[in-house]
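Welcome! Take a moment to look over the sequence and the 3D structure below, and then we will walk through some helices, pockets and a loop together.

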Amino acid sequence: MKKNVAVVGATGLVGRNMLKVLDERNFPIKNLYLFASKKSAGNTVLFQDSYYTVEELTEENIKKCDAEIALFSAGGEVSKTFAPIFAKQGCVVIDNSSQWRMDKSVPLVVPEVNPEQAFKHNGIIANPNCSTIQAVVALKPLHDAFKIKRIVYSTYQAVSGAGKQGLYDLSDGEKGVPPKKFPHPIAHNILPHIDVFTDDGYTKEELKMINETRKILGDEALRITATTARVPVHYGHSESINVEFYNPVSRDKAIEVLRSAPGVIVTDDPANNVYPMPINAEGHDEVYVGRIRQDTSVENGLNLWVVADNIRKGAATNAVQIAELLVKDK
């Protein structure tokens with residue numbers, strides 16, 4: 001059944017990719033409504049051979065539309081203000097910001113991991129952080145098979161995760177132009193700093209990964225630590241994940257489990273220099289896992305290298321997949 005769909009933040013990097021994914025996956029759309037800031041209102045966007053005019057996101061304009069599903073990618077403050085207005089009208093909001101993720105009344109959903117949670121909403125469903133999404137797609141089947149005890153995340157995140165200005169900072173930096181988004185040059189550099197620092201020395205990005213992983217996997221007792229870094233790559237987050245399990249695990253058994261996991265592509269042939277890289281993940285929706293090996297420093301340990309397109313699976317595609325769950329259920 002076709003649905004009336006709204007995209008909020010339609011002119012942004014993720015918003016445009018949401019439209020692209022809706023088109024590619026042939027999502028059943030009856031009427032499409034595009035919203036953005038006052039600055040972008042009036043712009044036209046091409047979608048499936050038709051031009052749509054972007055409207056300013058206001059309460060009045062929201063009440064004029066009859067959206068049944070709204071995909072949000074416009075930041076936490078916008079979501080805090082306007083998501084409840086959509087929800088009050090009977091629309092289901094799928095929000096890409098961090099505003100609702102840790103709200104106990106809001107499900108945090110990755111369709112390959114916890115699809116059942118999508119149906120426990122009260123009008124708002126949260127899309128997890130991009131770095132968390134790809135991690136849990138790889139970790140959930142391993143958690144089911146061997147039960148995770150502890151996780152150590154080290155991430156190498158693309159500049160597109162900081163939006164359009166992140167991409168501009170990289171290209172400008174290669175020309176010697178000072179950065180506007182990042183605190184230091186990102187070209188030819190690595191910044192061990194994503195989001196703001198908290199009093200305990202972690203960044204908010206690191207705490208997002210820790211807390212969201214626990215919520216998605218449904219295990220608040222999981223021991224997790226994280227270090228997140230920004231690297232001079234346009235698209236595609238890479239993650240080194242060290243996992244300790246309660247039960248015995250082997251490389252071969254882990255590969256067997258991952259090969260049968262939804263949304264996962266095992267890319268692991270080190271003898272022939274085959275392993276996941278962001279340049280290969282760009283433009284794809286799958287999570288690539290490789291460099292799978294035993295961690296011999298602990299009894300039941302494993303090392304993984306996990307890569308995915310942060311704008312696709314890490315944001316736009318995951319949101320559309322959640323919407324597909326709702327449509328399929330109906």
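At what angle do the axes of H4 and helix H7 (residues 251-259) cross? They cross at roughly 120° and come within 9 Å. Axes here are lines fitted to C-alpha atoms, for helices over the stretch in contact, and angles run from 0 to 180 degrees between N-to-C directions. Helices (H or I, at least four residues) and strands (E, at least two) are DSSP runs, numbered from the N terminus.

This is a predicted model, in which local features need pLDDT of at least 70 and side-chain atom pairs count only at pLDDT 80 or more, while totals for chains, interfaces and linings use all residues. Residues are numbered from 1 along each chain as its sequence is written, and side-chain values use heavy atoms, with hydrogens and water left out.

**H4 and H7**
- H4 and H7 are therefore oblique to each other; angles under 35 degrees count as roughly parallel, over 145 as roughly antiparallel, 65 to 115 as roughly perpendicular and the rest as oblique.
- Their crossing is right-handed, a term used if the near helix is turned clockwise from the far one by less than a right angle.
- Ala138, Pro141, Leu142, Ala145 and Phe146 in H4 are in contact (heavy atoms within 4.5 Å) with Lys253, Ala254, Val257 and Leu258 in H7.
- By class, this contact of H4 with H7 has 8 nonpolar, no polar and 1 charged residues, where Ala, Val, Leu, Ile, Met, Phe, Trp, Tyr, Cys and Pro count as nonpolar, Asp, Glu, Lys and Arg as charged, and the others, Gly among them, as polar.

**H4 and H6**
- The axes of H4 (residues 130-146) and H6 (residues 204-217) cross at roughly 40° and come within 10 Å.
- That angle makes H4 oblique to H6, and their crossing is right-handed.
- Residues of H4 including Ser131, Ala135 and His143 meet residues of H6, among them Lys208, Met209 and Ile216.
- This contact of H4 with H6 has 5 nonpolar, 4 polar and 4 charged residues.

**Pockets**
- A pocket, on a 1 Å grid over the protein atoms alone, is an open set of points where a 1.4 Å probe fits, with protein on both sides within 12 Å along at least five of seven lines; lining residues have an atom within 4 Å of a point.
- The largest pocket holds about 1,100 Å³ of space, a volume being the space filled by probe spheres set on the points.
- Of its 41 lining residues, Asn129, Gly161, Ala162, Asp195 and Lys208 are the closest to the centre.
- H6 gives the largest share of this lining, 6 residues.
- The lining of the largest pocket divides into 14 nonpolar, 18 polar and 9 charged residues.
- The second largest pocket has a volume of about 290 Å³, and 13 residues line it, with Thr11, Ala36, Ser37, Lys39 and Ser40 nearest its centre.

**A loop glycine**
- Gly42 sits in the loop between strand E2 (29-36) and strand E3 (44-47).
- Leaving aside neighbours within four places in sequence, Gly42 is in contact with Thr53 and Val54.
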